[in-house]
Amino acid sequence: MGYYTERHGLRAPVERTETITYEMYALIFDCCGRYFENIAWKYPEECPDGNGCCGLDIGKLSIALKFEIPTLFQNENGIIDKPRKGYYRGDDDVFDQYGLLDFIEFMFATVRNISNRFWHSYYRHYDISFEKANGISSSFRTDINNIFTQTGLAYSLSHFGMVERVTDNGILSKEIEANVIQISEKGLKELLQDAILLYKTPGPQARQHSVEKIWDALERLKTYYTTMDKKASVAKIVDDMANSRVEFSTIFDEEFRALTKIGNDFRIRHHETNKTDITDSRHYDYFFNRCLSLIALAIQYLK
């Protein structure tokens with residue numbers, strides 16, 4: 001239902017961002033920490049009597065993560081931790097936010113349900129046993145996504161345990177993804193699936209690669225009808241999209257030509273020195289969505 005200020009429109013909307021601050025990092029790391037016992041099966045602190053696990057060995061986990069997620073922040077003692085802002089300029093801990101996103105995926109894949117906690121009175125701790133099932137991952141996913149929502153972080157942890165980028169102004173939808181799956185031509189389908197996966201992946205480099213892939217998909221689409229040459233194949237696609245109406249044929253033909261020119265003039269598929277560099281990551285979003293818009297319509301008319 002939300003708080004009073006939310007219900008009555010007195011709270012300013014949370015600004016969307018892809019940048020994780022120190023405070024956001026702390027919230028996410030602490031959330032992961034609440035599930036540390038659920039990964040203790042893999043990195044156990046052994047009970048001194050040798051009969052089982054009594055919790056997580058944070059040292060074992062930290063050593064493993066040096067190789068599993070090399071960019072995840074660790075403190076001066078080599079233990080995974082929250083980075084902290086220093087009191088003086090230059091004292092801030094430096095961290096890689098994408099390492100934290102990897103850690104979220106790692107936690108999702110590793111957590112297991114705890115089947116029993118047995119109080120060990122001699123050592124004054126609980127001995128823990130686990131189930132093979134990881135149903136607790138659903139609870140973990142909910143908690144992480146709540147933090148993403150509350151902080152305005154433009155990410156989402158999917159049912160499959162992948163952190164995906166969330167865009168407010170994009171056209172990508174479940175319906176488009178479902179239509180892509182139905183494409184019979186394997187090469188075109190794979191290129192589009194790769195482009196969509198990259199577009200959802202956090203990080204500017206992935207965004208750049210998503211645009212390269214979707215332009216590759218556009219070129220593959222043009223040759224969809226293999227019994228025709230490229231020009232005739234495009235003409236058939238355009239005519240089918242337009243339902244043979246000249247006015248729409250003109251629009252779609254011009255859009256195919258415009259996107260081809262963009263692919264040739266900008267540093268998307270070609271990297272010669274005379275190509276225009278794309279330096280603003282938001283322009284990648286524009287290019288991706290413009291190209292996807294045409295392709296998403298075209299694939300509905302393929303035969």
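Of the 303 residues in the protein, 41% are buried, where buried means under 20% relative accessible area, exposed over 50% and partly exposed in between, with a 1.4 Å probe and protein chains only. This is a predicted model, in which local features need pLDDT of at least 70 and side-chain atom pairs count only at pLDDT 80 or more, while totals for chains, interfaces and linings use all residues. Residues are numbered from 1 along each chain as its sequence is written, and side-chain values use heavy atoms, with hydrogens and water left out.

**Overall form**

- The protein contains eleven helices and six strands, taken as DSSP runs (helices H or I of at least four residues, strands E of at least two) and numbered from the N terminus.
- Its radius of gyration is 25 Å, whereas a compact globule of 303 residues would have one near 19 Å; the value is taken over C-alpha atoms, and the globule rule is 2.2 Å times the number of residues to the power 0.38.
- Along the principal axes, the C-alpha atoms fill a box of roughly 85 × 50 × 45 Å.

**Helix 4**

- Helix 4 (residues 97-110) has 14 residues and spans 20 Å from its first C-alpha to its last, close to the 20 Å expected at 1.5 Å a residue, the expectation being 1.5 Å times one less than the number of residues.
- Ten of the 14 residues of helix 4 are buried, among them L100, L101, F103 and F106.
- The cover over these buried residues includes helix 2 (22-33), helix 3 (58-68), helix 5 (136-151), strand 5 (155-157) and strand 6 (163-165), with contact meaning heavy atoms within 4.5 Å.

**Aromatic rings**

- The whole structure holds 15 aromatic pairs, counted when ring centres of Phe, Tyr or Trp (its six-membered ring) lie within 6.5 Å, with planes under 30 degrees apart called stacked, over 60 edge-to-face and the rest tilted.
- Y199 and F288 form a stacked pair, 3.9 Å centre to centre with 5° between the planes; Y199 lies in helix 7 (residues 186-200) and F288 in helix 11 (residues 281-298), so the pair ties together parts 89 residues apart in sequence.
- Both Y199 and F288 are buried.
- W215 and F287 form an edge-to-face pair, at 6.2 Å centre to centre and 90° between the planes, which links helix 8 (residues 204-222) to helix 11 across 72 residues.
- F29, F36, Y43, F103 and F106 form one aromatic cluster.

**Charges over rings**

- R165 lies over the face of Y199, 4.6 Å from the ring centre, the criterion being NZ of Lys or CZ of Arg within 6 Å of the ring centre and within 35 degrees of the ring normal.
- The charged end of K236 sits over the ring of Y225, 5.3 Å from its centre.
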